Amino acid sequence: MSTSVTYARTIPAVRSRSASGVVRLALIGAAVLYIGFFLLLPLAAVFVQAFEKGVKAYLAAVSEKETLSAIRLTLLACAIAVPLNLLFGLAASWAITKFNFRGKNLLITLVDLPLAVSPVVSGLIYVLVFGLHGWFGKWLDDHDVRIIFAVPGIVLATVFVTFPFIARELIPFMQSQGKEEEEAAAVLGANGWKIFFKITLPNIKWSLLYGVILASSRAVGEFGAVSVVSGHIRGQTNTLPLHVEILYNEYNFMAAFAAASLLTLLAVITLIAKKIVEWKTEKQIATSEAEEYV
């Protein structure tokens, strides 16, 4: 009697495990197919089209004068925008997580603002403010200062779209760490700068680097906001994404995919760097938790 009951109970359990295994395999297969179709296949198509006419033609396409100019402008905008947002992200996250002050919620909302605004709209805002018929357009024109359809406008648009990434990466991480170490250092007589460089910065270095990687990737690949303020002047105000669009619209498909392959390579490098930093960050968190437990 007891053997029959045990056997009757075992059969549903085995069937349940088999069913869950089938469901798991089906979900994994669907995810792999989805990633392959929407991610890996387009990436492969970019490189196939880029090398369609051979390596020599590819190298000639990526070394064209206008392509090199677009690369330089893209890197310049990134080199200016990311350090500016690095300074702001550090200051904002330190203030938000370590201090209580009036307007704190407003500051958090402003940090998130670029995520809620379309990049095209943000570019249009800069045109309305700094354009020839904008609020400051007449004054800028009288003083021969060009922002829209020039490099400063591209930098401003890039700063805006990358504004939240570093701060948004640091804020939750610094909140999870608390402020006990900083308070202890302050009690022992350390000033603000010493606390920041000796305690805060070493604790957040991997999270900070993670935010810099995300911001840099966004800056290099930005299209919408930069497209509005650039003016599409070939060799002068075209970033690499805009250059890809122009080449494609001119039916120069091989050159367009060759330029796009550079952005694709950057994306792959970004993903690798991102995974390394994630591993370092998780290791740092695990180490700090173990030290607190001890």
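Start by selecting Thr239: its relative accessibility is 5%, so Thr239 counts as buried (buried is under 20% relative accessible area, exposed over 50%, partly exposed in between, with a 1.4 Å probe and protein chains only). Thr239 sits in the loop between helix 11 and helix 12 (240–249); helices here are DSSP runs of H or I with at least four residues, numbered from the N terminus. Before moving on, note that this is a predicted model, in which local features need pLDDT of at least 70, side-chain atom pairs count only at pLDDT 80 or more, and totals for chains, interfaces and linings use all residues. Residues are numbered from 1 along each chain as its sequence is written, and side-chain values use heavy atoms, with hydrogens and water left out.

Now show what surrounds Thr239. Leaving aside neighbours within four places in sequence, Thr239 is in contact (heavy atoms within 4.5 Å) with Ala70, Leu73, Thr74, Ile154, Glu222 and Val226.

Next, select Ser230, in helix 11 (residues 224–230). Is Ser230 buried or exposed? Its relative accessibility is 0%, so Ser230 counts as buried. Beyond the neighbours within four places in sequence, its contacts are Phe149, Ala150, Ile154, Thr237 and Leu242.

On to the rings. The structure holds 14 aromatic pairs, where rings of Phe, Tyr and Trp (its six-membered ring) pair if their centres lie within 6.5 Å, and planes under 30 degrees apart count as stacked, over 60 as edge-to-face and the rest as tilted. Pick Phe88 and Phe163: the ring centres are 4.3 Å apart and the planes are at 25°, so this pair is stacked. It links distant parts of the chain, with Phe88 in helix 3 (residues 65–98) and Phe163 in helix 8 (residues 163–177), 75 residues apart. Phe88 has 24% relative accessibility and so counts as partly exposed. Then select Trp94, Phe99, Trp193, Phe196 and Phe197, which ring pairs link into a cluster.

Finally, colour by pLDDT, the predictor's confidence in each residue, from 0 to 100. The protein chain averages 83, and 90% of the residues score at least 70. Where is confidence lowest and where highest? It is lowest in helix 1, at a mean of 72, and highest in helix 7 (residues 151–161), at 92. For a last stop, find Leu41 in helix 1 (residues 2–50).

How values were computed. Helices (H or I, at least four residues) and strands (E, at least two) are DSSP runs, numbered from the N terminus.
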